[in-house]
Amino acid sequence: AAEIYGGDITIRAVADSRFLLGNRDFAGNTVSDLGKKIGSLVVQTLTEAFPLFTQVSHARSTADIQIGTAATPTVIMGNTVNVIADTAANIASKPIGIVVAVPIAVMQTSSTVNINNAQITTSEDLVVRSMTDMQVSSIAAVQNLAGIGLGVSVSVVSSTATATLSPQSI
């Protein structure tokens with residue numbers, strides 16, 4: 001079992017699949033910034049500008065915090081204790097089609113905080129939070145032929161956010 005003592009304590013899990021490339025993917029110098037811009041442009045061009053008739057986009061984000069899983073209780077003592085699990089996802093499916101275009105967007109997010117065998121003591125606040133943030137864009141761009149065109153958009157979203165304090169948590 002773990003023991004954590006301190007002033008303001010934050011235990012956080014974040015799963016963020018909103019961006020293909022982000023600032024933390026590069027060192028931040030000018031060469032890396034240029035590489036980031038070129039890389040983002042190439043990826044965006046290949047995945048968004050050239051899909052024909054159909055495009056399938058899929059994103060999965062999972063953040064999981066498990067406290068007090070051992071037989072001996074986990075002890076956490078602080079002024080404030082924050083236990084936060086956050087997931088975020090953003091996907092787009094935008095195919096271009098002649099007569100037919102079918103965008104398919106599938107998003108799965110799961111954010112879990114589970115506090116079992118734990119003794120948490122605070123002199124101020126205890127915050128236990130689990131949340132998901134999702135954005136889906138599914139657009140069919142159809143060029144009709146002889147007045148005939150069909151666009152069908154399919155989006156599947158599965159989201160779970162749970163925060164559980166068991167009877168063994170004090």
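## What counts as a salt bridge

A salt bridge here is a side-chain nitrogen of Lys or Arg within 4 Å of a carboxyl oxygen of Asp or Glu. Side chains of opposite charge can pair when their charged atoms come close. Please keep in mind that this is a predicted model.

## The overall picture

Let us begin with the whole chain. The protein has twelve strands and one helix. Reading from the N terminus, the order of elements is β-β-α-β-β-β-β-β-β-β-β-β-β.

Of the 170 residues in the protein, 29% are buried. The accessible surface comes to about 10000 Å², and carbon and sulfur atoms account for 56% of that surface.

How many salt bridges does the structure hold? There are two. In one of them, the side chains of R12 and D86 meet, with an N to O distance of 2.7 Å. This pair links distant parts of the chain, since D86 lies in strand β5 (residues 80–93) and R12 in strand β2 (residues 8–17), 74 residues apart.

D86 also forms a salt bridge with R129, where the closest N and O atoms are 3.1 Å apart. Here too, distant parts of the chain are linked: R129 sits in strand β9 (residues 126–138) and D86 in strand β5, 43 residues apart. Together, R12, D86 and R129 are linked in a network of salt bridges.

Are these residues buried or exposed? D86 has a relative accessibility of 8%, so D86 counts as buried. R12 is exposed, with a relative accessible area of 52%. R129, at 33% relative accessibility, counts as partly exposed.

## The sheet that holds these strands

Strands of a sheet pair through backbone hydrogen bonds, either parallel or antiparallel. Which kind of pairing joins the strands of the sheet β2-β5-β9? The pairing is parallel, and the three strands form an open sheet in that order. Because β2 and β9 each have a single partner strand, they stand at the edges, and one side of each is left without a neighbour in the sheet. From one strand to the next, the twist averages 5 degrees.

The parallel strands β5 and β9 are joined by 13 bridges. T87 stands opposite T132, which belongs to β9.

Technical notes:
Residues are numbered from 1 along each chain as its sequence is written. This is a predicted model: local features need pLDDT of at least 70, side-chain atom pairs count only at pLDDT 80 or more; totals for chains, interfaces and linings use all residues. Side-chain values use heavy atoms; hydrogens and water are left out. Helices (H or I, at least four residues) and strands (E, at least two) are DSSP runs, numbered from the N terminus. Buried means under 20% relative accessible area, exposed over 50%, partly exposed in between (1.4 Å probe, protein chains only). Accessible areas come from the Shrake-Rupley method with a 1.4 Å probe; for residues, only the protein chains shown count as cover. Two strands pair if DSSP finds at least two bridges between them. Axes are lines fitted to C-alpha atoms, for helices over the stretch in contact, and angles run from 0 to 180 degrees between N-to-C directions.
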